[in-house]
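Please walk through this structure with me, one site at a time. Keep the model open beside the text.

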Amino acid sequence: MSWGLEWLGLEPDADERTIKRAYAKRLRVTRPDEDAAGFQELHEAYQAALAWVQARAEHASSSDDAIEAVETVTAEAVVPHDPVRPAIRQTEVIDPAVDASAFAQRVVAAASDAAPAELEHWLQQQPELWSLRDKPQIGAEVLHQLLHTDAAIHARNFNQLSAFFSWNVLDGGVDPDVASACRWRLHRRWLLQAKDPTDLTTLLSHEGPAVTPTEARARVERLTQPRSRLRCLFDALPPGRVDAMRRTLEMLDVRDAAQTPSPMQPAQVGFWLAVAHRNQINAPKLQLALLRSLLCALGWLALLGAIGLVDDPTRRRSGGVASINEVALFGSAAILLFGSLLLPVIAFIQWQVGAEHPRPRSWIARLLFIPVLAIGALLIIHMADARMLGSVLAWGTMALAGIRLWVRGQFAVSFSPWMIFVAIPVVKLGAAALMVGEVAVAIALLLWVVDAVNQVPLANAPGHARKRG
């Protein structure tokens, strides 16, 4: 008779169903998380009893001596245990080989589908994980597959696996940074695929405006659904949409379109990263600005067209007053031109007011740009005999020089009420003086010299550069 049957308190003719019932009954009081040694003995006895029944079935036609010979050959060791009970032979304890890779796939699939409480119960009910010898090997294979899989697993389920397989133990041999990165990658994929957007809504609402589930789904669709460039541009038109998508990408830790996590579309992520970039002028931002300008111009034309329908074209107008059609055409052209050039102008101003540390490659061109504009304004005024055009260029050059000096000098001004009374006559006098383009050119050159003396020599001196290096 098998020692496993004796250990379980069963008769020699017990069948497999009876063995499993006895094992389940003892398993209620001998749990692996409470009595590891006792559970190991129980599991070995269970395996030995099953092996005996299988051998008995295979050799039913053989004599009892043959069965005893099989038992004698397989008996090799004695398992230390409670000295009150007789020694338990490790006869039929030889477990069949566990396919760690195949079972790890089952664990990953269960972690993807089950709720955290259900996953814990499922893990405890798997016989392959009852063996203290096989469990660490299976745990290592599960972690290996998680590191190389695109499965969608909730963070709580990953925590369950980490605690069950002791990945969170300091001396467990698992790098905590690697495990944490794997946990976030799988959880992010779960957020993008989950039917219930509760966790995604909570994440996007963290330290910011509240996001509704509908809005959370819409943001995910903009990143996961393939769309044309024109559709993307129209999606980015509403005010605040670009900032909302920038925040979404930041919360999902997506910063590079080349490393877009599935199921996100690289083209979609690349577009939103481009239009959301604060300090860069690129093709998507220019296209968006042009589309916005075009729509505003069309709106202006529609508004003026509606007014023109009720206007009497035969009504006489005073001299110099433009017609509705002229206002509509020139206004729409101005809107389109202003909207199209706004981003390049902002980029140009940022280039001019940029810091000198470290020295940029085009620092000479940036330094001499204002004097060149000032000289060009003078040439237009005196040699081309176009005073109005030259004066406009001179005023723009003066404004650029003032912005450059103010931003780079980092001035701090405290406002006082008496400054209003001083500013009013100064502004009047300055406005009268600036009607002359040469005065604007002189002021622009003066501001440029002050900035150059305070900023440029220090930044570009060879000794200073070596000191900083």
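Arg227 sits in the loop that runs between α11 (213-224) and α12 (229-235). Helices here are DSSP runs of H or I with at least four residues, strands are E runs of at least two, and both are numbered from the N terminus. This is a predicted model, in which local features need pLDDT of at least 70 and side-chain atom pairs count only at pLDDT 80 or more, while totals for chains, interfaces and linings use all residues. Residues are numbered from 1 along each chain as its sequence is written, and side-chain values use heavy atoms, with hydrogens and water left out.

What does Arg227 touch, leaving aside residues up to four places away in sequence? Its contacts (heavy atoms within 4.5 Å) are Glu221, Arg222, Cys232, Asp235 and Gln268. With Asp235 there is also a side-chain polar contact of 2.5 Å. A polar contact is a pair of N or O atoms within 3.5 Å; within protein, one must be able to donate a hydrogen and the other to accept it, and residues adjacent in sequence count only if both atoms are side-chain atoms. Gln265 lies 38 residues from Arg227 in sequence, yet their C-alpha atoms are 9.2 Å apart.

Stay with Asp235. Its side chain also meets that of Arg231 in a salt bridge (3.5 Å, N to O). A salt bridge is a side-chain nitrogen of Lys or Arg within 4 Å of a carboxyl oxygen of Asp or Glu. By this rule the count comes to 10. Asp235 and Arg231 are both in helix α12, 4 residues apart, or about one turn. Asp235 is buried at 11% relative accessibility, whereas Arg231 is partly exposed at 43%. Buried means under 20% relative accessible area, exposed over 50%, and partly exposed in between (1.4 Å probe, protein chains only).

Helix α11 holds a pair of its own. Arg219 and Glu215 form a salt bridge of 3.0 Å, N to O. They are separated by about one helical turn because they stand 4 residues apart in helix α11. Arg219 is buried at 9%; Glu215 is partly exposed at 26%.

Asp451 pairs with Arg408, with the closest N and O atoms 2.9 Å apart. Asp451 belongs to helix α20 (residues 437-454) and Arg408 to helix α18 (residues 387-409), 43 residues apart. Both are buried: Asp451 has a relative accessible area of 1%, and Arg408 has 8%. Elsewhere, salt bridges with shared partners join Glu215, Arg219 and Arg222 into one network.

Now turn to His154, in the loop between α7 (134-147) and α8 (155-164). Is this residue buried or exposed? His154 is buried, with a relative accessible area of 7%. Its side chain makes a polar contact of 3.4 Å with the side chain of Asp199. Beyond four places in sequence, His154 touches His187, Trp190 and Asp199.

Finally, check the confidence. pLDDT is the predictor's confidence in each residue, from 0 to 100. The protein's mean is 78, and 78% of its residues reach 70 or more. Residues 63-96 fall below 50, and this stretch has 46 contacts in the model beyond near neighbours in sequence. Residues 461-469 also stay under 50, with 4 contacts beyond four places in sequence. Where pLDDT is low, the predicted coordinates should not be read in detail.
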